[in-house]
Structure formats: structure tokens, C-alpha cells
Amino acid sequence: KFEEVNFSYANTKKEAIKNINISIEGSTTVALVGHSGAGKSTIVNLLPRFYDPQKGAVYIDEQDISTVTLSSLRKNISMVSQDVILFDDTVHANIAYANRSASEEQIKKACDFAAADEFIEKLPQKFETIIGENGVRLSGGEKQRISIARAFLKNSPIILLDEATSSLDAESEEKVQNAVMDLTKNRTTLVIAHRLSTIIRADKIILVNR
């Protein structure tokens with residue numbers, strides 16, 4: 001629940017969001033829609049506490065998230081965004097980062113689930129291929145599929161999707177959309193999207209206006 005939430009970024013006095021009141025039922029999918037700059041990403045970024053609101057509070061299960069540790073909060077949240085952060089390491093290490101105790105079978109299942117196994121098998125050293133700083137050797141769609149594989153491997157109850165399929169071609173998008181549907185099943189999901197195919201499956205649609 002977002003209760004009377006206001007937020008302004010440090011470099012401006014203008015409020016990015018003002019008097020936001022949102023209630024999201026557990027195990028449902030809520031889509032945020034609206035023009036660029038309306039504050040959709042700001043709302044999503046407040047949940048894992050990348051920022052804290054200047055006014056109001058955010059609650060999960062009636063507990064103010066500002067009163068819990070960041071590690072316990074973020075352990076229960078997976079985020080798939082258009083800006084995927086990757087390390088200059090192997091494909092395997094980048095996916096396993098989401099769950100250090102995961103088995104090889106679990107990692108491969110996550111890749112299959114995210115339709116990432118197809119391109120990984122074509123890489124020079126497959127799972128052991130070094131992808132370069134921030135995944136410079138991968139396409140945007142390949143990066144996003146790794147991000148979805150990570151989210152599946154983490155298996156958290158809350159999923160945040162910020163333009164999660166923005167870099168995909170039509171064929172890849174269909175595969176990943178199906179993966180996202182499975183990923184969000186029985187999980188509380190907050191999704192930002194401009195495409196009808198993403199929004200249409202939501203239980204609730206919230207229009208964010210400036």
C-alpha cells in the first residue's frame with residue numbers, strides 16, 4: 001500500500017509524484033500506465049527503497065518498509081527493468097548471482113523458462129562465455145532474458161517489471177511474455193508498460209497523471 005506518498009528528486013524542487021494512494025492485493029498484477037515523466041518508475045523504485053518518500057509511507061503486509069532492513073526487504077523483491085545491470089563475468093555467474101545456492105539444474109531451468117537457453121547455446125563458450133562490462137557483448141533482448149532468468153531463480157513473492165520487454169523483437173517478445181506470465185503467477189506484481197499485450201493481462205490498471 002502507498003499512503004499519501006510524495007517524492008522529489010534531489011536536483012529539483014518539483015514533485016515527481018504527489019499524494020499517491022495505491023492499494024495492491026497479494027498475488028495480483030497491477031499495471032501502471034501514463035505518459036513519460038508521469039512518475040511510474042518513481043513509484044516502482046520506492047518499493048525496494050532505491051529512494052525514500054519525503055512524505056507518506058509504503059507498506060507491505062501492513063508493515064512500513066522504512067522500518068525493516070534493506071536486505072530483508074530486497075530479498076522478497078525481484079526487479080526486471082529495461083536497464084539491466086550485468087557484470088563483466090560469465091553468463092552463468094550473472095544468472096547465479098540471484099541465488100548463490102542454486103543448483104546447475106535450477107539455473108538451466110531458469111534459462112529455459114526465460115527463453116534464454118536458445119541464445120546461450122549459440123555463444124562461443126555457452127554458459128562460460130564472458131559477456132563484457134554491463135553485458136556489452138549481448139543484445140538488449142538477450143540482457144533482458146538474463147534478467148528474467150535471474151528473477152525466476154530468485155523466486156521472490158513480489159515482482160517489479162519496468163518495460164521488461166522493451167528491447168525484444170516480436171518473436172522474442174512473445175516467448176518472454178509467456179515467461180513473464182508464468183513468473184508472475186501467484187505473485188504480487190507491479191508492472192510498467194506501454195504495450196497493450198502487457199497491460200491487458202493485469203488485474204488492475206492505474207493511470208498515473210502529472
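User: In this predicted model, how many nonpolar, polar and charged residues are in the lining of the second largest pocket?
Analyst: The second largest pocket holds about 650 Å³ of space. Its lining is made of 23 residues. Sorted by class, these are twelve nonpolar, six polar and five charged.

User: Which elements each supply at least two residues of that lining, and which residues are closest to the centre of the second largest pocket?
Analyst: The elements are S4, S5, H2 and strand S8 (188-192). The residues closest to the centre are Lys1, Tyr59, Ile60, Asp61 and Ile158.

User: What is the volume of the largest pocket, and which residues lie nearest its centre?
Analyst: The volume of the largest pocket is about 810 Å³. Its lining counts 21 residues. Helix H2 (70-75), strand S6 (77-81) and helix H6 (140-154) each give two or more of them. Nearest the centre lie Phe50, Met79, Tyr97, Arg150 and Lys154.

User: Which residue in S4 is the bridge partner of Glu3?
Analyst: Strand S1 (residues 2-7) and strand S4 (residues 55-60) run antiparallel. Three bridges join them. In S4, the partner of Glu3 is Ala57.

User: Is Ile20 buried or exposed?
Analyst: Ile20 sits in strand S2. Beyond its neighbours within four places in sequence, Ile20 contacts Phe2, Glu3, Glu4, Val5 and Ile43. Its relative accessible area is 15%, and the cut-off for burial is under 20%, so Ile20 is buried.

User: How far apart in space are Ile20 and Lys55, C-alpha to C-alpha?
Analyst: In sequence, Ile20 and Lys55 are 35 residues apart. In space, C-alpha to C-alpha, the distance is 10 Å.

User: Which element gives the largest share of the largest nonpolar core?
Analyst: This core has 36 residues, and Val91, Ile95 and Ile120 have the most contacts inside it. Several elements give two or more residues, among them strand S3 (29-33), helix H3 (91-96) and helix H7 (170-184). The largest share is five residues, and it comes from H6.

User: Which residues is Ile95 in contact with, leaving aside its neighbours within four places in sequence?
Analyst: Ile95 is one of the residues with the most contacts inside the largest nonpolar core. Its contacts, sequence neighbours aside, are Ile107, Cys111, Ile120, Ile146, Ala149, Arg150 and Leu153.

User: How many residues are in the second, separate core?
Analyst: Phe7, Ile17, Leu32 and Ile65 are included in this core. The total is 24 residues.

User: What is the phi of Glu62, and is this residue buried or exposed?
Analyst: Most residues other than glycine have a negative phi. Glu62, in the loop between S4 and S5, has a positive phi near 65°. Its relative accessibility is 78%, over the 50% cut-off, so Glu62 counts as exposed.

User: Where does Asn186 lie, and what is its relative accessibility?
Analyst: Asn186 is not a glycine, yet its phi is positive, about 60°. Its place is the loop between H7 and S8. Asn186 counts as exposed, with a relative accessibility of 66%.

Methods
Residues numbered from 1 in each chain as written. Predicted model: local features only at pLDDT ≥ 70, side-chain atom pairs only at ≥ 80, totals over all residues. Heavy atoms only, no water. Pairing = 2+ DSSP bridges. Helix = DSSP H or I, 4+ residues; strand = E, 2+ residues; numbered from the N terminus. 1 Å grid on protein atoms, 1.4 Å probe; cavity = no way out; pocket = protein on both sides within 12 Å on 5 of 7 lines; lining within 4 Å. Points joined across faces, edges and corners; volume = space filled by probe spheres on them. Nonpolar A, V, L, I, M, F, W, Y, C, P; charged D, E, K, R; others polar. Core = buried A, V, L, I, M, F, W, Y, C linked by side-chain atoms within 4.5 Å. Buried < 20%, exposed > 50% of the residue type's maximum accessible area, 1.4 Å probe, protein only. Contact = heavy atoms within 4.5 Å.
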